[in-house]
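This briefing presents selected local features of one protein model, grouped by topic. Please keep the sequence and the structure in view while reading.

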Amino acid sequence: MPEMDGLKLLEWVREYDKDLPVIMVTAMHDLSTALEAIRRGAYDYILKPFEKDQLFLSVRRALEHRQLVLENRNYQRNLEKLVEERTAQLRGALHQLERSYDDTLEALGGALDLKDAETEGHCKRVTAYTLAIAKAMKVESPDVAAICARRVSA
């Protein structure tokens, strides 16, 4: 080719469409050029003169390969989307579980207050002091929740 060789054309095509199957057809019987073409992304390398059946077979295999690659990529995208959706569902369920846990601890503290009139409100006061101390010490939020949960359940 006058302006560029086949390898340069292959690079140009790869920049334009990396999924386009490229079949190199050449009269050069050079193994290193063939290997370089394959390394740079050519699907096949056919030497001239060639049989038309050889070309048809190579084109059919290249198109089947492209179809499989595109199906695989689509499957992977769908799978990633499904994982994201399920992860969001799990986060929601975990948040709901944490709220249920907090509500249960609150109810237990209220039950303790009702049981003994002398210590009424004790659990809430201890929790409030614990939160104030943790805030003053700049304790991280997950650790504060764990401290309060241990204190109420103790």
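Lysine 138 is exposed, with a relative accessible area of 70%; buried means under 20% relative accessible area, exposed over 50%, and partly exposed in between (1.4 Å probe, protein chains only). The model is predicted, so local features need pLDDT of at least 70 and side-chain atom pairs count only at pLDDT 80 or more, while totals for chains, interfaces and linings use all residues. Residues are numbered from 1 along each chain as its sequence is written, and side-chain values use heavy atoms, with hydrogens and water left out.

**Backbone and loops**

- Lysine 138 is found in the loop between helix H4 (122-136) and helix H5 (141-153); helices (H or I, at least four residues) and strands (E, at least two) are DSSP runs, numbered from the N terminus.
- The phi angle of lysine 138 is near 60°, which is a positive value in a residue other than glycine.
- A cis peptide bond, with omega near -10°, leads from lysine 48 to proline 49.
- Proline 49 lies in the loop between E2 and helix H3 (52-115).

**Helix H3**

- The 64 residues of H3 should span 94 Å at 1.5 Å a residue, and the end C-alpha atoms of H3 are 93 Å apart, which agrees; the expected span of a helix is 1.5 Å times one less than its number of residues.
- Buried residues in H3 include Ser58, Ala62, Leu105, Gly109 and Asp113.
- Aspartate 102 also lies in helix H3, and this residue is partly exposed, with a relative accessible area of 47%.
- Aspartate 102 and arginine 91 are eleven residues apart along the chain, and their C-alpha atoms are separated by 16 Å.

- Threonine 26 lies in strand E1 (residues 23-26) and is buried, with a relative accessible area of 15%.
- A polar atom of the side chain of threonine 26 lies 3.0 Å from the backbone nitrogen of methionine 28.
- Not counting residues up to four places away in sequence, threonine 26 touches Tyr45, Ile46, Leu47 and Lys48; contact means heavy atoms within 4.5 Å.
- Aspartate 44 is found in strand E2 (residues 44-47) and counts as buried because its relative accessibility is 17%.
- The side chains of aspartate 44 and arginine 61 make a polar contact (3.2 Å); a polar contact is a pair of N or O atoms within 3.5 Å, where within protein one must be able to donate a hydrogen and the other to accept it, and residues adjacent in sequence count only if both atoms are side-chain atoms.
- Among the residues that aspartate 44 touches, not counting those up to four places away in sequence, are Val22, Ile23, Met24, Ile38, Ser58 and Arg61.

**Aromatic pair**

- The structure holds one aromatic pair.
- Tryptophan 12 and tyrosine 16 form this pair, which is stacked, at 6.1 Å centre to centre and 5° between the planes; rings of Phe, Tyr and Trp (its six-membered ring) pair if their centres lie within 6.5 Å, and planes under 30 degrees apart count as stacked, over 60 as edge-to-face and the rest as tilted.
- Because tryptophan 12 and tyrosine 16 are four residues apart in helix H1 (residues 6-16), they are separated by about one helical turn.
- Both tryptophan 12 and tyrosine 16 are exposed.
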